[in-house]
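Trainee: I have just opened this one for the first time. Could you take me through it?
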Amino acid sequence: MRATVYEKFQGPLTIQNLPDPSPAPHGAVLRILASGVCRSDWHGWMGHDTDISLPHVPGHEFAGIGEAVGKETTTWKIGDRVTMPFMGVCGSCTQCTSGHHHLCNNTYQPGFKRWGSYAEFLSIDFADTNLVALPESISFSTAASLGCRFATSFRAVVSQGKVSAGQWVAIHGCGGIGLSAIMIAEAMGARTIAIDITNEKLDFAKTIGASLTLNVKETDDVASAIIDLTKGGAHVSIDALGSTETCINSIKCLRKKGKHIQVGLMNGDDATPSILMNRIIFNEIEILGSLGMQFHRYPEMLAMIESDKLMPQKLIGRKITLEESAALLPDMDSFSETGIAVIDQF
């Protein structure tokens, strides 16, 4: 199979021919027809994830069809249209049996603990638990854009934030996660403030429903500006980027009883930010993390997409070749992309 490979962290990526995978007895092999290019893949390439063994194939957002199935797999067959949450789970640990599959004690993650989806084929374990049926009306490219950013945002807004009509939701960072959160929060009837450093991304945020926008570079005090715009502060604020600045601004912009939801990964110098604990105590602020989404919550999200209440296809900035992914991934930290890039030519 053809795949994008790096052999050292922060090293060059090349297109190589690798052996085709075979399915485990409880698994399946997918023919990948679309794969998202995500900043989490950049974190892996940088060496921020200690689970990665080299050489490595990145990619954790994908959709495709069944190419082969293991003898113990009963739900799926060759040719089935499928997608999957970005994190593979065992289905049998205490977290899985209680419905919290996204917190599985025995998780494996394509693109991190094992080779990922910047490739023609991908092997999946515990296919009966992990794979999700993809309706004919949803394209492979749209489905690949769901796996990490959109599904993660859906759970952050709907399950963790419990966002409701009329609330103000501040979203810090208009990358894939932030734009997804804007669309989902607006679909839930909330009013959103999109916050970013570029007018291009803020203009795009308006096209998908953002009620208001705020350019950080043109604002002296982001939190105070949000409090003024919302006449008291956001009900829910999401750090969709993952930096000390966005985390602190997110907490500071909340009204009393507000919720801060940390979705953006915090790494390097941003891994241990100083938290405004007195503000959290006196305003009874809730601090919540949000990681992915369980496979059994996908039908709710997919139904909203089929009914056009959610249109994640609008978030796809461009479709690229496997060769182009090798050049794009190292540049992910520049935040130059508007929307999501999806590999659809292998």
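Mentor: Let us begin with a term: a residue is buried under 20% relative accessible area, exposed over 50%, and partly exposed in between. Please also note that this is a predicted model.

Trainee: What is the phi of Gln10?
Mentor: The phi of Gln10 is positive, about 65°, although Gln10 is not a glycine. Asp308 also has a positive phi of about 65° without being a glycine. Asp308 belongs to the loop between helix 11 (298-306) and strand 14 (316-321), and counts as partly exposed at 48% relative accessibility.

Trainee: Changing topic: how many residues of strand 3 are buried?
Mentor: Eight of the ten residues in strand 3 (residues 28-37) are buried, and the strand is mostly covered.

Trainee: And which strands does strand 3 pair with?
Mentor: Strand 3 pairs with strand 4 (residues 62-69) in the antiparallel sense over seven bridges; there, Leu30 has Gly66 as its bridge partner. Strand 6 (residues 121-124) is antiparallel to strand 3 over four bridges, with Ala28 bridged to Ile124. Strand 15 (residues 340-345) pairs with strand 3 in the antiparallel sense over three bridges, and Ser35 stands opposite Ile343.

Trainee: One more: which residues does the cis peptide bond join?
Mentor: A cis peptide bond links Leu54 and Pro55, with omega about -5°. Pro55 lies in the loop between helix 1 (39-46) and strand 4.

Conventions:
Residues numbered from 1 in each chain as written. Predicted model: local features only at pLDDT ≥ 70, side-chain atom pairs only at ≥ 80, totals over all residues. Heavy atoms only, no water. Buried < 20%, exposed > 50% of the residue type's maximum accessible area, 1.4 Å probe, protein only. Helix = DSSP H or I, 4+ residues; strand = E, 2+ residues; numbered from the N terminus. Pairing = 2+ DSSP bridges.
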